[in-house]
2 protein chains.
Amino acid sequence: MGKNMMIAQSGGPTSVINASLAGAIRAAMNAPEIDRIYGSLHGLEGILKDRIISVSEAFADDEAFERLKHTPSMALGSCRFKLAKVPDENYELIARKLRELEIGYFFYIGGNDSMDTVDKLAAYFTASGMDIKCVGIPKTIDNDLVETDHTPGYGSAARFIAHSLREIYCDASVYDRNSVTIVEIMGRNAGWLTAASVLARNPQFNAPHLVYLPEIAFDREAFVEAIKELSQRQKVIVIAVSEGIKFASGEYVNVAPKSEHDSFGHAALSGSGRYLEEIIRKEFGFKTRSIEFSLLQRSAAHLASDVDVAEAFTCGEKAVAYALAGMNRVMVSMQRINNEPYTIEYVPMDVSRIANREKPIPREWITDNGTDLTQDYIDYALPLIGSEPLPEFFLFDKTNLIAR
Amino acid sequence: MGKNMMIAQSGGPTSVINASLAGAIRAAMNAPEIDRIYGSLHGLEGILKDRIISVSEAFADDEAFERLKHTPSMALGSCRFKLAKVPDENYELIARKLRELEIGYFFYIGGNDSMDTVDKLAAYFTASGMDIKCVGIPKTIDNDLVETDHTPGYGSAARFIAHSLREIYCDASVYDRNSVTIVEIMGRNAGWLTAASVLARNPQFNAPHLVYLPEIAFDREAFVEAIKELSQRQKVIVIAVSEGIKFASGEYVNVAPKSEHDSFGHAALSGSGRYLEEIIRKEFGFKTRSIEFSLLQRSAAHLASDVDVAEAFTCGEKAVAYALAGMNRVMVSMQRINNEPYTIEYVPMDVSRIANREKPIPREWITDNGTDLTQDYIDYALPLIGSEPLPEFFLFDKTNLIAR
């Protein structure tokens, strides 16, 4: 008789984290080495609080897997629980619960905080003489994990951003007057999501016209200058700005007054868009609107990238394969083998190399002036947002006025 | 030789106003009575400023029509230009330009302000002895036009709202803690769009749990009481609130400080969601987040209702048919003949009966406590959001914990 498996999800939602869950569950159901498949509700909290369900019963057929694959957010729930640095009673309790449940395989789907959890638990289990293979499955819309080409969740969020920006540009262009539309996009320290806004461009649409990333210090004067220059050439300006842009001092351009910090000590941000909006209103008097993609960018499953869904599912399958092959304390990492055709290879990666680190956009993928992305970024990101091209819209040639 | 036609778009964008444009252009291209088809850029402003294009050249094949049908926002641009009450030099100038261009048919796609324009121009042309058939084509996401069952644009915006709310509910439910998610939805004086949030519900999802409409005076105490009661039964609360909710005094619950009013004297609103957010944070200390659908609700063509697109197109065709049949000063109105199967009849309606009026949600379609919609509303609205059902998501039975 085989051992049992425990799987849980942690961190913030994405459109495809459930696809990874589906992949792991399906692989486990096909593995004779794995007996029972347990899901812990709300990450580690479910183990600590005895909130554990048996998941296989829900998958009588492939349709259930298909449905889970296309369900946004986290079917097992999430938590923001952080393990202490030095093993404490929570470690002991988790170990005891997993021992009671005869767990031989532990899978945690999450970002760099979650990989830290995998790393710590795996070390503790080993030190305690427990044979539990711990494997991390990557997910984050932020795309900021190191040691992997990209993360499941990013491609879908990026597609939502690029697609929606194209629609918003149509909307922003209707009036014959100077206007600035600012789209505030998630991303505390890495600008990957905001960068994806440039994927909206095609020969018809050149928006966004300016891109502000956390990687580049925000300079108010340069911003005003850029708007001034642009507004001499065109009436409609669309700006993509990360929620996490910072001044040269390192201070966030707008820390929310509520100073609500999550349990990892991250500041809850909001308002970089509103901040830019105020500058433009004050300096130029243009009609200005800032909008936030907010939760939709991470939960809009209807715009998920097919590539992302498939990769997330495969990451779940690979995690089970790694654990069954005896690997421990690793994360499923994706390495890009080729760009045309886009080809990814999955490899196990030492999870300690990933935990708690963040990957910013390489400086050389940001243009010299700091407000745009290079073709190298586009070549990198385009395959991730899916095999189906973004919609092409109808445009009249408005310069071809009738002769009078 | 026939007369020429002029068409223009006005007011705020919708996902399907271009479908009406496509319908009118295609009908006109098939009508031997109509010679040249002109589009005025940015509503009446194009006529006043000689910014007029010839449109038929852009439609070499049906594919161009299909593309225009699925392009959000306004391909001819828009304006917020309002004609004076008493004919002035703008009336004269418009009349002169239309005479020069030998216009026999004038079509204006817009909401109640635009129907006011149609009404005034038609009266002026008649008084000036000009034979120009003026026909209005309805559009507004707000669904607030009188004398029509609903307006093109509403169904698609409603679908976006219901669909996105289901995704947002998945996102809002991930943590095992009290939380309130507030979705602020467009609608100054009529709550039709906010009402559409209830279409998100199915046997799996009961969100939104509270709905706040401009039709019902907002009562802070009752709101706190409702949250208190709900929070005793459930951890996750989702609220849909109209941007235009008002206190019993008639004052908007949060008029934006910028006091930016558009040229029709409408206050630019924002912040009813933020206002509720502050109340909850203060009174309950729950994790609270307010989000705005903002421009996406009116420009997300990728979630357009197929029924809405088809109806908008037909409205454009009908307008041309009415004008060719000699009708003047009318708007294409939709009358519901049957609900199962959903059947609409198109009828010409005296435009003066529509201009400048607003249709609120009937009181009897709002529940007695004022925070929900009745089945009658659902029966009314459901056919409008399209023939394809909203996605069903995968949910584990989280109550079925394993025995310990």
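**Notebook: cavities and a strand run**

I looked up the largest cavity and found about 130 Å³ of space in it. The model is predicted, and I treat each entry below as computed from it.

I then checked how many cavities reach 30 Å³ or more, and the count is 2.

Next I listed which residues line the largest cavity. From chain A I noted A:Arg274, A:Ser290, A:Ile291, A:Glu292 and A:Ser294. From chain B I noted B:Arg274, B:Ser290, B:Ile291, B:Glu292 and B:Ser294. I sorted this lining by class and got 2 nonpolar, 4 polar and 4 charged residues.

Which strands supply at least two residues of that lining? I found strand E9 (287-292) of chain A and strand E9 (287-292) of chain B, each giving at least two.

I moved on to strand pairing in chain A.

I followed E10(A) to its other recorded partner, strand E11 (residues 342-350) of chain A. E10(A) and E11(A) run antiparallel, joined by 9 bridges. Here I located A:Val332 opposite A:Pro348 in E11(A).

How many residues does the hairpin from E10(A) to E11(A) pass through? I noted 2 residues.

Conventions. Residues are numbered from 1 along each chain as its sequence is written. Chains are lettered from A and ligands numbered from 1 in the order in which they are written. This is a predicted model: local features need pLDDT of at least 70, side-chain atom pairs count only at pLDDT 80 or more; totals for chains, interfaces and linings use all residues. Side-chain values use heavy atoms; hydrogens and water are left out. On a 1 Å grid over the protein atoms alone, a cavity is a set of points where a 1.4 Å probe fits but cannot get out, and a pocket is an open set with protein on both sides within 12 Å along at least five of seven lines; lining residues have an atom within 4 Å of a point. Grid points are joined across faces, edges and corners, and a volume is the space filled by probe spheres set on the points. Helices (H or I, at least four residues) and strands (E, at least two) are DSSP runs, numbered from the N terminus. Ala, Val, Leu, Ile, Met, Phe, Trp, Tyr, Cys and Pro count as nonpolar, Asp, Glu, Lys and Arg as charged, and the others, Gly among them, as polar. Two strands pair if DSSP finds at least two bridges between them.
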